Amino acid sequence: MTNNTAVKTWIDEMAAMCQPEKIVWIDGSEEQLEALRAEAVSTGEMIKLNQEKLPGCYYHRTAVNDVARVEDRTFICTPTKEEAGPTNNWMAPDEMYAKLKALYKGSMNGRTMYVIPYSMGPVGSPFSKIGIELTDSIYVVLNMAIMTRVGQAVMDQLADSPDFVKCLHSKKDVNPEERYIVQFPQDSTIWSINSGYGGNVLLGKKCFALRIASYLGMKEGWMAEHMLILGLENPQGEVKYICAAFPSACGKTNLAMLIPPKYLRDKGYKVWTVGDDISWLRIGPDGRLYAINPEAGFFGVAPGTSEKTNFNALAATKKNTIFTNVAINNADNTVWWEGLDKNPPEDATEWKGARVNGKEYTAEGNKLAHPNSRFTAPAINCPCISKEFENPAGVPVTAIVFGGRRAKVAPLVYQARDWQHGVFIGATMASETTAAAAGAVGVVRRDPMAMKPFAGYNMADYFGHWLEMGKKMDPEKAPKIFHVNWFRQDENGDFMWPGFGDNMRVLLWILDRCAGKADAVESPIGYLPKEIDTTDLDIDDGVMKELLSIDNDLWLEDVANAREYFAQFGNRLPKEIMDELNKLEANLKK
Ligand code: SAT
Ligand code: MN
């Protein structure tokens, strides 16, 4: 497939270490992928689902100890610890290479090493970057073929260039004690071992498109962000694009595929999806910020996805989709998960593989699907996929939205005064943890720009890079920055805002602000809406008022917490961030 000597030398070296029985190049052809599906079914690695109801769909179950990203086993191996910063695990590259080489030695004995050339972004776009993943897992090959553009076209694009990200994955024996997800940013290298789960092994996703890419972006003057991209079309047919950053499993896929409330649909408003997880952003020749989605598919959380909550995502999973760790409905060999409907299948196989009476099992409080079970669906399946999805020049960004899962403190929406203030708002983002990463769920933690697990270098320098990017843009043309919180709770712990499609009401206020059309009130934290359109919405005026208000005491506690958080960066933290924090505190005390 190639005469590229850099590629060949590297593969020889990795093969000498992992000792696979054979090496197979993935050319991207449907015949090859189909043969791999058949092989995976024959070995039990995948289960073929009902081909009438779910054509081209398969099921995979991971090891029980391997169901989420493992942040405590994820490392950024920069030459010095300072370059990785206090929010990343670090080990000296030499030491880590030595440790991992011992683990990889013979790890592919008796197995096939698949070579997956892939492009993040449309092949040949000026935004795009190429990676090659070596893996001993067919499941990884088939997921990568959905999530990225793979095959010969990518090798042709690479030609004889050595400029590709070197990704090595071995499932080995899935031993959690020896599981490592390691980035070497200076070497454009990713080594992953002893996992078979999603973000740990689909190395184009978080490892490359965020960790390595954020480092490349800092060096090369662009940005890799944990952001969805959506286009909002008004009744005049104009489309404005919004990028929004939320931590994993906080509703990015739902927001990206939102269906507007009926009265807005009737007026002609529509939402188009460009991406649901990752944005690569560059300043265009006109001085505006442009975004592409480097991925080609959606690796979405299944539980909670229903016709009602996300019609478009569900529709996207009806063909050529791989389901991981959901439940199987044995009556017709289809899939089920909590929140799909209120009707758990009687004859079910739960995610760990036990055959159970699903009704009784769930009535006893058990879950049939793992809370972080996933679907891997081709983006082109999505009924609301944007016609700009493949545009190599990207889409111009009008607004950037940061958001977290906060029961208290953060109001429904507010706007930053300017770019610098917006960067501060992103940097102070906090959210309650979810099942997307191993560890306790529901604990509030600081997650700047939703990038805490994904920044490939010192987060203080990352804030500095955001500030630098702002200086390169004409303030008139730079996206306006906002913060939202769909998850505020009342004293009974009930969500105050309906969320889902009704989030459109907030997006419209945001775009009206960008167009200079909506009113706002100045507050200590930024601009709050005078009003959000609640036409046809059954919500109390009192609740609305509460959602758009701030509690100075709670905010002062948050300021103190942020000050503690920022202290870990020492004098590497840009002065502008501290200036904004001090300004916020002074405003709140006024
Ligand atoms: O497992 S992934 O990292 O791909 C998904 C997520 O956590 O957002
Ligand atoms: Mn994500």
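## Briefing: metal site, ligand shell and two residues

Along the chain, the donors of the manganese ion (ligand 2) are spaced as K-x19-H-x50-D. The model is predicted, and the manganese ion (ligand 2) in it is coordinated by the NZ atom of K206, the NE2 atom of H226 and an OD atom of D277, at 2.0 to 2.2 Å.

**Manganese site**

- K206 counts as buried because its relative accessible area is 4%, under the cut-off of 20%.
- D277, with a relative accessible area of 7%, is likewise buried.

**Ligand 1**

- Ligand 1 is surrounded by R69, Y197, G199, K205, K206, S248, F299, R374 and A436, and K206 is also one of the residues that coordinate the manganese ion (ligand 2).
- By residue class, the shell around ligand 1 is made up of three nonpolar, two polar and four charged residues.
- A polar side-chain atom of S248 is found 2.8 Å from an oxygen atom of ligand 1, a polar side-chain atom of K206 lies 3.0 Å from an oxygen atom of ligand 1, and a polar backbone atom of G199 is 3.0 Å from an oxygen atom of ligand 1.
- On its own, ligand 1 has 250 Å² of accessible area, of which the protein covers 98%.

**R406**

- R406 is placed in the loop between strand 24 (395-403) and strand 25 (413-415), and this residue counts as buried because its relative accessibility is 11%.
- Leaving aside residues up to four places away in sequence, R406 touches A430, S431, E432, V444, N485, F487, R488 and D558.
- With one of these residues, D558, the side chain of R406 makes a polar contact, side chain to side chain, at 3.2 Å.

**S42**

- S42 belongs to helix 2 (residues 30-43) and is exposed, because its relative accessible area is 60%, where exposed means over 50%.
- A polar atom of the S42 side chain lies 2.7 Å from the backbone oxygen of E39.
- Between S42 and E557 there are 57 Å in space, C-alpha to C-alpha, and the two are 515 residues apart in sequence.

Definitions and conventions: Residues numbered from 1 in each chain as written. Chains lettered and ligands numbered in written order. Predicted model: local features only at pLDDT ≥ 70, side-chain atom pairs only at ≥ 80, totals over all residues. Heavy atoms only, no water. Helix = DSSP H or I, 4+ residues; strand = E, 2+ residues; numbered from the N terminus. Buried < 20%, exposed > 50% of the residue type's maximum accessible area, 1.4 Å probe, protein only. Polar contact = N/O pair within 3.5 Å; in protein donor to acceptor, adjacent residues only side chain to side chain. Contact = heavy atoms within 4.5 Å. Near = heavy atom within 4 Å. Areas by Shrake-Rupley, 256 points an atom, 1.4 Å probe, with all protein chains shown as cover. Nonpolar A, V, L, I, M, F, W, Y, C, P; charged D, E, K, R; others polar. Donors = N, O, S within 2.8 Å, 3.2 Å for Na, K, Ca; no water.
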